[in-house]
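Here are my notes for a colleague opening this model for the first time. Please keep the structure in view while reading the points.

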Amino acid sequence: MYKQIQLRKGKDESLRRFHPWVFSGAIQQMEPGIEEGEIVRVVTCSGDFIAVGHYQQGSIAVRVLSFSDVQIDDEFWHSRLASALRMRQAIGIADNPDNNTYRLVHGEGDNLPGLIIDVYGQTAVMQAHSIGMHQCRKQLARVLADVMASRVQHIYYKSETTLPFMTADDMNGFLYGGSDNNIATENGLKFRVDWLKGQKTGFFVDQRENRSLLEHYARGKRVLNMFCYTGGFSFYAMRGGAELVHSVDSSGKAIELTRQNVELNFPNDARHEAFCDDAFKYLERAGSHYNLIILDPPAFAKHRGALHNALKGYTRLNQKAFEKIERGGILFTFSCSQVVTKDHFRNAVFTAAALAKRKVRILHQLHQPADHPVNIYHPEGEYLKGLVLYVE
């Protein structure tokens, strides 16, 4: 029997609407001896069961695993992981011979808060965002190998950067199998995945459909890919027939990976150049010869306290791009900051357009793909937003 956490009167309302978080301020009392990462039962002020989940110190005290009074065992994990796989099969992203790269588990979106699993070919990269999921990692890997069967031969665990407050013990490394073959395929294009030292799980899977859209706009364009990371937008632009592609990132390692990825798909192609430079400084020096620009920066705000400065940053960055882009050019601009809403981001971009004195039309409003689902009861899961703009 799991230890119990009792809520204050009236603090069960969000849980009755199936929101998967219990905030620390909602707790009336806790059974003695509850440790971080432990599975707990959550009960109302009158003692009625309402949820079971992982406990953790901090603002989000419990991440709900189930609103049924169930045992969290191999059978439970198998059911949740199998459900995640079925959804990816239903949308045609899993078992696709042209694409072996996708997100299998997207935290709350798959009713597994605190867990991310990305698939790259025959390697799954698992990442914990809660101590509870970290402590379950070996059990999860065992069940995942069973659910995925022949689809996955290797499971790499990568949580050193997502749980930085914990010891480095067992934070990165293979939990199942082991392979140094890090080449995966996305929509027929190959790329190297740096799951050892790269950002996130090694690649930004969430931009797959937006990269594909960019490909359709790239023919004959002079493309600038800012914050290029491993060059995803760059090699899609090249396949789309871009006249030239310049990739810029402040990380020398990212630039090296970009060069390797472009070479994998377009060996000895003189259309591409990569530059290790600060984005703002590069834009400041750049001429006005680019007519397709991608702005895909890292999260400018990771918490609400940083929102104001983040919006100023998005405005400044987009203003500079508006000032530099050629007349008739197209701008793909993004924010991956969860605390920045679609309205926040749009207002920042609109302010930038006004400051740059450019006429701008919206062609597309972009978001995360279907393998990054948003739990309808957890709107906070909608984090990626983007605009495709025609600039006169």
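Does N187 count as buried, exposed or partly exposed? N187 counts as partly exposed, at 22% relative accessibility. Buried means under 20% relative accessible area, exposed means over 50%, and partly exposed lies in between, with a 1.4 Å probe and protein chains only.

1. Basis. This is a predicted model, in which local features need pLDDT of at least 70 and side-chain atom pairs count only at pLDDT 80 or more, while totals for chains, interfaces and linings use all residues. Residues are numbered from 1 along each chain as its sequence is written, and side-chain values use heavy atoms, with hydrogens and water left out. Helices (H or I, at least four residues) and strands (E, at least two) are DSSP runs, numbered from the N terminus.

2. N187. This residue sits in the loop between β12 (183–186) and β13 (189–192). N187 has a positive phi of about 50 degrees, although it is not a glycine. Most residues other than glycine have a negative phi.

3. Y229. Here is a second case to look at. Y229 has a positive phi, near 50 degrees, and is not glycine either. Its place is the loop between β14 (222–226) and α6 (232–239). Y229 is buried, with a relative accessible area of 8%.

4. Strand β4. How many of the 5 residues of β4 are buried? The count is 5 of the 5 in β4 (residues 39–43), so the strand is largely enclosed by the rest of the structure. In a regular strand the side chains alternate between the two faces of the sheet. In β4, I39, R41 and V43 point one way. V40 and V42 point the other way.

5. Partners of β4. Two strands pair if DSSP finds at least two bridges between them. Strand β1 (residues 3–7) runs parallel to β4 and is joined to it by 4 bridges. K3 stands opposite V40 there. Strand β5 (residues 49–55) runs antiparallel to β4, with 5 bridges. In that pair, V42 faces A51 of β5. β4 and β5 form a hairpin with 5 residues between them. G47 in the turn has a positive phi of about 90 degrees.

6. The open sheet. In what order do the 5 strands of the open sheet lie? The order is β7-β8-β9-β10-β11, with mixed pairing. β7 (101–106) and β11 (172–176) are the edge strands, and each pairs on one side only. From one strand to the next, the twist averages 25 degrees. Within the sheet, β8 (residues 115–120) and β9 (residues 123–128) pair in the antiparallel sense over 6 bridges. V119 has A124 in β9 as its bridge partner.

7. Helix α4 on the sheet. α4 lies across β7, β8, β9, β10 (154–158) and β11. It runs at about 150 degrees to β9. Axes are lines fitted to C-alpha atoms, for helices over the stretch in contact, and angles run from 0 to 180 degrees between N-to-C directions. R137 lies in α4. R137 is buried, at 10% relative accessible area. From R137 to D74 the C-alpha to C-alpha distance is 12 Å, with the two 63 residues apart in sequence.

8. α2 with α4. The axes of α2 (residues 74–90) and α4 (residues 137–148) come within 9 Å and cross at roughly 50 degrees. That makes α2 oblique to α4. Angles under 35 degrees count as roughly parallel, over 145 as roughly antiparallel, 65 to 115 as roughly perpendicular and the rest as oblique. Contact means heavy atoms within 4.5 Å. Residues making the contact include W77, L81 and L85 of α2 and L140, V143 and V147 of α4. By class, the contact has 9 nonpolar, 2 polar and 3 charged residues. Ala, Val, Leu, Ile, Met, Phe, Trp, Tyr, Cys and Pro count as nonpolar, Asp, Glu, Lys and Arg as charged, and the others, Gly among them, as polar.

9. α9 with α10. Helix α9 (residues 307–324) and helix α10 (residues 342–356) pack at an angle of about 40 degrees, with axes 8 Å apart. α9 and α10 are therefore oblique to each other. Among the residues that meet are L311 and F322 in α9 and F345 and V349 in α10. The contact of α9 with α10 divides into 11 nonpolar, 5 polar and 1 charged.
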